[in-house]
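Work through the exercises below with the coordinates loaded. Each task is followed by a solution in steps.

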Amino acid sequence: MDVAALKRTWAAAGALGDQVPLYFYSHLFLSHPELRELFPISMAAQRDRLVGALGRIVSSVDELDHEIGFIEQLGRDHRRFAVVAQHYDAVGASLLATLERFLGPEWTPQLAADWAQAYGIIARTMVIAAEESEETSPAWWDAEVISKERRTLDLAVLQVLPDPPLDYLPGQSLAVEIPQRQRQWRYLSPANAPRPDNTIELHAQIVPGGQVSGALVRAVKPGDTVKVGAPIGEQLVLPDTEPRDLVMIAGGTGLAPMLSLVDGLWQRRREQGGGPSVQLFHGARYPWNLYEHNRLTALAEHPWFDYTPVVSDDPTYHGHRGMVGEVAADPRWVGRLAMVCGSPPMVGSTAAALRSAGFDESDIRYEQFGAVDETSHSPHPQIQEHQ
């Protein structure tokens, strides 16, 4: 299999813009009209999400050994769409038909065979993981909204109770569907480690033009039932034996998985008597958007935890000002494990700043759900809706 050719031809197809996903969806729905109901009523926000994710994953089949856990997790997560094995055949056929249509003479029998082989490997991995998970967990969990607090002008904190209880690790994310926006799933990160009462805290912030974020903040109310998908994500999960000190850098509601990690570390300290130190930076545009300021300030009374708020857009603010990643990228923290979560530009600029400060690439961790999430191209799952 010529993986270099897969990557090259996918880059060529991706450079053609919207016409590629338009052809893909047209081919898929004409060939298999029964699949249309699996997608949102409005496809305006869908664009190239599914086909783009497929192309990136399949053309990187040579990285399967490193990503197999995540791809298996993705297969389990896709059960929430009622996806079954036959659907993978339909999607794969439309993907190959799309590539044939746009690659022209470059679509040789050998290239077609390589794409088919690579897609088969990825699809098989996802299907097997999904089938195995059917024996131990539901396709999704129904979760009652227990409470909702409008924390800022555009941000709400929700407490939900899944039934049956949902197991996850601090730092993972969950796909959420609300009754006001059916079939439009968005990834959210729990802001707490698993609790004895099984409740989960979710943070939602309005994104301009977002179809789901506004409804989450404004319309969802206590008593509503939301759907929650299987936990997903590996990069922000700490092993039980992580000995290294940490620097956590969050923008906006990217704070949620960091709070979950801190909660888990705090539990570990109470049980084991020790653990890594944490330096947490939270960035917001204005001081009133530092929505967990009091909580984090109180936590900073403990010697193992330090909190630095950063404000970017208020020149009257007396604390640290600027972009949170640039403030956090201090050579003093080199050698720590850096955990980053926020909007796509924030994650990209923070990673660059950390590298410039001397951090090794392997010490900078963030999720890249944009490569697999058919509802969002964000490296962070917190309600990133780019219409």
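**Exercise 1. Salt bridges**

Task: State how many salt bridges a search of the whole structure finds, and describe the one that E149 forms with R151.

Solution. The model is predicted: local features need pLDDT of at least 70, side-chain atom pairs count only at pLDDT 80 or more, and totals for chains, interfaces and linings use all residues. Residues are numbered from 1 along each chain as its sequence is written, and side-chain values use heavy atoms, with hydrogens and water left out.

- Step 1. Apply the criterion: a side-chain nitrogen of Lys or Arg within 4 Å of a carboxyl oxygen of Asp or Glu. The search of the whole structure then finds 13 salt bridges.
- Step 2. Take the pair E149 and R151: the closest N and O atoms are 3.1 Å apart.
- Step 3. Classify by relative accessible area, where buried means under 20%, exposed over 50% and partly exposed in between (1.4 Å probe, protein chains only). E149 is partly exposed at 41%, and R151 is partly exposed at 26%.

**Exercise 2. A network and a separate pair**

Task: Which residues are linked with E149 and R151 in a network of salt bridges? Describe also the salt bridge of R355 and E361.

Solution. 

- Step 1. The network links E149, R151, R195, E201, E292 and R295.
- Step 2. Within it, the side chains of R295 and E292 meet at 3.4 Å, N to O. R295 is partly exposed, with a relative accessible area of 37%, whereas E292 is buried at 6%.
- Step 3. For R355 and E361 the N to O distance is 3.2 Å. R355 has a relative accessible area of 37% and is partly exposed; E361 is partly exposed too, at 41%.

**Exercise 3. The pairing of β2**

Task: Which strands are joined to β2 by bridges, and is β2 largely enclosed or open?

Solution. 

- Step 1. Strands are DSSP runs of E with at least two residues, numbered from the N terminus; two strands pair if DSSP finds at least two bridges between them.
- Step 2. Strand β1 (residues 141-152) runs antiparallel to β2 and is joined to it by 9 bridges. The two form a hairpin with 2 residues between them, and V145 has V160 of β2 as its bridge partner.
- Step 3. Strand β5 (residues 200-205) is also antiparallel to β2, with 6 bridges. Here V157 stands opposite H203.
- Step 4. Because 7 of the 9 residues of β2 (residues 155-163) are buried, the strand is largely enclosed by the rest of the structure.

**Exercise 4. Backbone exceptions**

Solution. 

- Step 1. Most residues other than glycine have a negative phi, and most peptide bonds are trans.
- Step 2. The cis bond joins D163 and P164, with omega about 5 degrees. P164 lies in the loop between β2 and β3 (174-177).
- Step 3. At N198 phi is positive, about 70 degrees, although the residue is not a glycine. N198 sits in the loop between β4 (186-188) and β5 and is partly exposed at 30%.

Methods
Helices (H or I, at least four residues) and strands (E, at least two) are DSSP runs, numbered from the N terminus.
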